[in-house]
Amino acid sequence: MLKIGLGSPQYGSFTDPGTISGFASAVEAIGFDSLWVGDRALVPTQPHDPYPGGGPVPEEYRTFLDPVVTLSFLAHATRRLRLGTSTLNAPFYSPLLLARSLTSVDILSEGRLDIGFGLGWSSDEYEAIGVPWRGRGARMEEILDVLDHVWSGSSAEYKGVLWTIPSAHIETLPVQRPRPPVLLGGFTPATLERIGRRADGWAGVGLPVPQLAYVISQIRQIAEAAGRDPDALRTVVRVNPVVTAEAAPSDAVPHRGTVVQVSDYLLAAHAAGADEVLIDLQQTARNAEELTDLAHRFHEQLSKG
């Protein structure tokens, strides 16, 4: 059965606490399955790297709430919805402190956290944060190692290339054992290999359906070759559509189109292997009322399928 998620109000004009809590309560009542937050530290005025969505970086990203703080707020505002990151740029953070923050969210939400990690796309952000752009894939690998070590509850010393943790008691552990689900974003060969080998699934994006199906099949093959059950891996596909009143050209969907067009794409993605879809409406809705109305229309359309 297809699970349906939404991007939580978090950026642009949707950073008011009343908007966030009101939207969360409304979509939980409608019947959505999850809410997700993203991760943006800054928007460079002269970016060194192209924005993955094409064109300039959305102006809405210039105002962006912290993802973990927003998740904590959502944990208080909801009772049933899964709460996820799509995606958290893991190399920005110290893994020991990241483990503490994410564990806290899992505890405060009573075990409702899904963790989507990515490498990010902006070398400007890496430079501003003080983290090397080169070697970020290896950095991600060791972050995952540290998280697994901390979440195991072991008091033994951890010694890696980048981090050393002395023998210590870290008994603040997540509710979900052995860890909250970890999904990884991206679709380079190295990322797909990492997902199949050690992650719990893929935090995907709105690729053309044949390409989407190919990526999912590749991850499954890698998982099977690594001795893992490919059926245990999840795929969550994210879209950030501009919703139009009139039908858009087919090659513009799912980035632009009517509720029906975007929903049809998401249903096709589900048929291609996506377990869950995630719709971020903050780049098309003009106010909180329209944000909730669009969410309701998408849920109604997707539920028909």
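User: Which residues form a nonpolar patch on the surface, with about 270 Å² of accessible area together?

Analyst: This is a predicted model, in which local features need pLDDT of at least 70 and side-chain atom pairs count only at pLDDT 80 or more, while totals for chains, interfaces and linings use all residues. Patches are made of residues with over 30% relative accessible area and no salt bridge, joining like charges within 9 Å and nonpolar side chains (Val, Leu, Ile, Met, Phe, Trp, Tyr) within 5 Å. Accessible areas come from the Shrake-Rupley method with a 1.4 Å probe, and for residues only the protein chains shown count as cover. The patch here consists of Ile107, Leu108 and Val175.

User: Is Ile107 buried, partly exposed or exposed?

Analyst: Residues are numbered from 1 along each chain as its sequence is written, and side-chain values use heavy atoms, with hydrogens and water left out. Ile107 belongs to helix 3, where helices (H or I, at least four residues) and strands (E, at least two) are DSSP runs numbered from the N terminus. Buried means under 20% relative accessible area and exposed over 50%, with partly exposed in between (1.4 Å probe, protein chains only). Because its relative accessibility is 37%, Ile107 counts as partly exposed.

User: What is the value of phi at Glu110?

Analyst: Glu110 sits in the loop between helix 3 (95-108) and strand 5 (113-118), and with a relative accessible area of 68% it is exposed. Its phi is positive although the residue is not glycine, and the value is near 60 degrees.

User: How many residues apart in sequence are the parts tied together by Glu125 and Arg40?

Analyst: A salt bridge is a side-chain nitrogen of Lys or Arg within 4 Å of a carboxyl oxygen of Asp or Glu, and the structure holds 15 of them. One joins the side chains of Glu125 and Arg40 (2.4 Å, N to O). Glu125 lies in helix 4 (residues 123-129) and Arg40 in the loop between strand 2 (34-37) and helix 2 (67-77), so the pair ties together parts whose separation in sequence is 85 residues.

User: Are Glu141 and Arg198 buried or exposed?

Analyst: The side chains of Glu141 and Arg198 meet in a salt bridge (2.8 Å, N to O). This pair links distant parts of the chain, with Glu141 in helix 5 and Arg198 in helix 6 (residues 189-198), 57 residues apart. Despite their charges, which pair in this bridge, both residues are buried.

User: Which residue does a cis peptide bond join to Val253?

Analyst: The bond in question has an omega of about 15 degrees.
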